[in-house]
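Please read the following notes beside the structure.

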Amino acid sequence: LVDAPVLLVGDIDRGGVFAQLLGTLMLLTDAERERVKGLIINKFRGDKTILDPGIIMLEERGRIPVCGVLPYMKLSLDDEDSLTTRFTRKGNGAVTIAVVRLPRISNISDFTVFEQIDDVNLIYVNRPKELEQADMVILPGSKNTTEDLLYLKRQGYDHDIKALAAKGIPVVGICGGYQMLGETLSDPYGVEAGGSMRGMGLLPMDTVFAEKKTRTQVNGRFLEMDQEFETLSNVEFTGYEIHMGESRRKDGATASTFTCDSVTGTEKTEGTFRKNVCGTYVHGIFDKEDVAMGLVRAVGEKKGIDVSDMAGVDFAAFKETQYNILASELRKHLDMTRIYEILEEGIETEGEAQE
């Protein structure tokens, strides 16, 4: 563990916040509990004064100060995959982008940009039948690619996705979703379940899981592409890779992107493209307005929609605005003097440990 001071935050919107905080403290070891220097209550709705008796009780029983009560804020921030409320979000845009909700889905922040485009209806599908309304299908990242691929096959998603691809519906795979679109997945080192299995066969490539995980930030651009992805040709992007293994293209496949490692400067062709199916290892690849809108307009045109008035969003600037609002509210509702003292105490403790 990192030897640093901790602020323990409880979510009152889910109920039982006092039990959350006190129960967590009771379950910690003495050494772990010693690191907790303050408590925070998050997502409170209403008049804070009604919480005052509870806060007094919390400090008496927990013997740790409460550093503030944060109000419920309507912000669009990246959230934890398993706790997000985005899975139930429904829009009414003219273009429907369907993300398959894998049991072990990861990095759902890849798709948040589409929520900010009025013309897009972004949905997370729970059943193969829900794919019928999709104008584009996305297979997201996964915390366990082979297990989630087995799930897709058991549920019949693979047949429906292949049928949609055969009709010309664009299909995009990100990271683990990209690996699933290939012909085979092999796990010689037992990184996941071991052995080999067949993929969906929509991209002529094979994936072999490696012992070491790739973790890197990248800049890059799409290569020359045609048909449904022609609008992405030579469009630049930024993002990051965090995956196990390597995917090798075979005859009939074309590299979809060119990337450059932001730290080492290593350049390579990455991803795979064939007709209306495209895959990449790059997370955050849609954040650039030209990428997201290039896809949306292409899908809209294929659907016969007038895309001339479709407006995008500078997602990086939008996220910066959201975090600035959050920072302002934190300063307003937290005991910042006490928090800075905790930080300074942590720095002093770290210095003493190094000596």
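1. The sulfur of cysteine 175 lies 14 Å from the closest cysteine sulfur, that of cysteine 278, which is too far for a bond. Cysteine 175 is also buried, at a relative accessible area of 8%, where buried means under 20%, exposed over 50% and partly exposed in between, for a 1.4 Å probe and protein chains only. This is a predicted model, in which local features need pLDDT of at least 70 and side-chain atom pairs count only at pLDDT 80 or more, while totals for chains, interfaces and linings use all residues. Residues are numbered from 1 along each chain as its sequence is written, and side-chain values use heavy atoms, with hydrogens and water left out.

2. For cysteine 260, the closest cysteine sulfur is that of cysteine 175, at 19 Å, again too far for a bond; cysteine 260 is partly exposed, with a relative accessible area of 23%. A search of the whole structure finds zero disulfides, a disulfide being a pair of cysteine sulfur atoms within 2.5 Å.

3. Three strands form an open sheet in the order β1-β2-β3, with parallel pairing (strands are DSSP runs of E, at least two residues, and helices runs of H or I, at least four, numbered from the N terminus; two strands pair if DSSP finds at least two bridges between them). Because β1 (6-11) and β3 (66-71) each have a single partner strand, they stand at the edges, and one side of each is left without a neighbour in the sheet.

4. Strand β2 (residues 36-44) runs parallel to β1 and is joined to it by six bridges, and leucine 7 stands opposite glycine 38 in β2.
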